[in-house]
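Good morning, everyone, and thank you for making time for this.

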Amino acid sequence: MRHVVFLVKKRPDLSQEEFSRFWIDEHTPLTAKVAGVVAYRCYPALPGQPESPFEGIAVLSFADDAAYEAAVASEEFAAALADAPNFQDTAATMSFQAEERIIV
């Protein structure tokens, strides 16, 4: 399975609550439409946390490399990427590809 982990930085003009609401209510339906996504998990930070380099984590999972490649080439994925500046600081948001290791 192929996983993409996003370390999400909110736009500085949004509160944590505004960022979380937009991400979950507006953005995730776009990402959920991407063919080949087998799981999409979002972890917005709780309000009132000490300052952190990121305000959320997202994990996007695909069955294999072919599903990932098809997904990122799709119009639906492009639409989700185009929406990102509405709630996140895209220059500060980072991502990496990972292999999941379930320990417990």
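Let me begin with pairing, because two strands are said to pair if DSSP finds at least two bridges between them. Strands here are DSSP runs of E with at least two residues, helices are runs of H or I with at least four residues, and both are numbered from the N terminus. What you see is a predicted model, in which local features need a pLDDT of at least 70 and side-chain atom pairs count only at pLDDT 80 or more, while totals for chains, interfaces and linings use all residues. Residues are numbered from 1 along each chain as its sequence is written, and side-chain values use heavy atoms, with hydrogens and water left out.

Let us turn to the sheet. Four strands form an open sheet with antiparallel pairing, and their order across it is β2-β3-β1-β4. Strands β2 and β4 sit at the edges, since each of them pairs on one side only. On average, neighbouring strands of this sheet are turned by 15° against each other, with direction ignored; angles in general run from 0 to 180 degrees between N-to-C directions, and axes are lines fitted to C-alpha atoms, for helices over the stretch in contact.

Which residues stand opposite Phe6 in the neighbouring strands? Strand β1, residues 2–8, pairs with strand β3, residues 56–62, in the antiparallel sense over seven bridges, and there Phe6 stands opposite Ala58 of β3. Strand β1 is also joined to strand β4, residues 94–98, by five bridges, again antiparallel, and the bridge partner of Phe6 in β4 is Ser95. Five of the seven residues of β1 are buried, so this strand is largely enclosed by the rest of the structure. Buried means under 20% relative accessible area, exposed means over 50%, and partly exposed is what lies in between, using a 1.4 Å probe and protein chains only.

Further along the sheet, β2 and β3 pair in the antiparallel sense over seven bridges, and the partner of Arg41 in β3 is Val59.

Now for the helices, and how they lie against the sheet. Helix α1 lies across β1, β2 and β3, and runs at about 175° to β2. Helix α2, residues 65–72, packs on the sheet as well, where it touches β1, β3 and β4, and its direction makes about 50° with that of β1. Contact, in this talk, means heavy atoms within 4.5 Å.

Within helix α2 we find Val72, which is partly exposed, with a relative accessible area of 30%. Val72 and Val34 are 38 residues apart in sequence, yet their C-alpha atoms are 8.5 Å apart in space.

How do two helices pack against one another? Two packed helices are described by the angle between their axes and the distance between the axes. The axes of α1, residues 16–32, and α3, residues 75–83, come within 8 Å and cross at roughly 160°. These two helices are therefore roughly antiparallel to each other, a label given to angles over 145 degrees, whereas angles under 35 count as roughly parallel, 65 to 115 as roughly perpendicular and the rest as oblique. On the α1 side the contact is made by Phe22, His27, Leu30 and Thr31, and on the α3 side by Glu76, Ala79, Ala80 and Asp83.

Finally, a word on charge. Side chains of opposite charge can pair when their charged atoms come close. A salt bridge is counted when a side-chain nitrogen of Lys or Arg is within 4 Å of a carboxyl oxygen of Asp or Glu, and by this rule the count comes to five. One of them joins the side chains of Glu55 and Lys9, at 3.0 Å from N to O. Glu55 lies in the loop between β2, residues 37–44, and β3, while Lys9 lies in the loop between β1 and α1, so the pair ties together parts that are 46 residues apart in sequence. Both Glu55 and Lys9 are buried.

Another salt bridge is that of Arg11 with Asp13, whose closest N and O atoms are 2.6 Å apart. Here Arg11 is partly exposed at 23% relative accessibility, whereas Asp13 is exposed at 52%.
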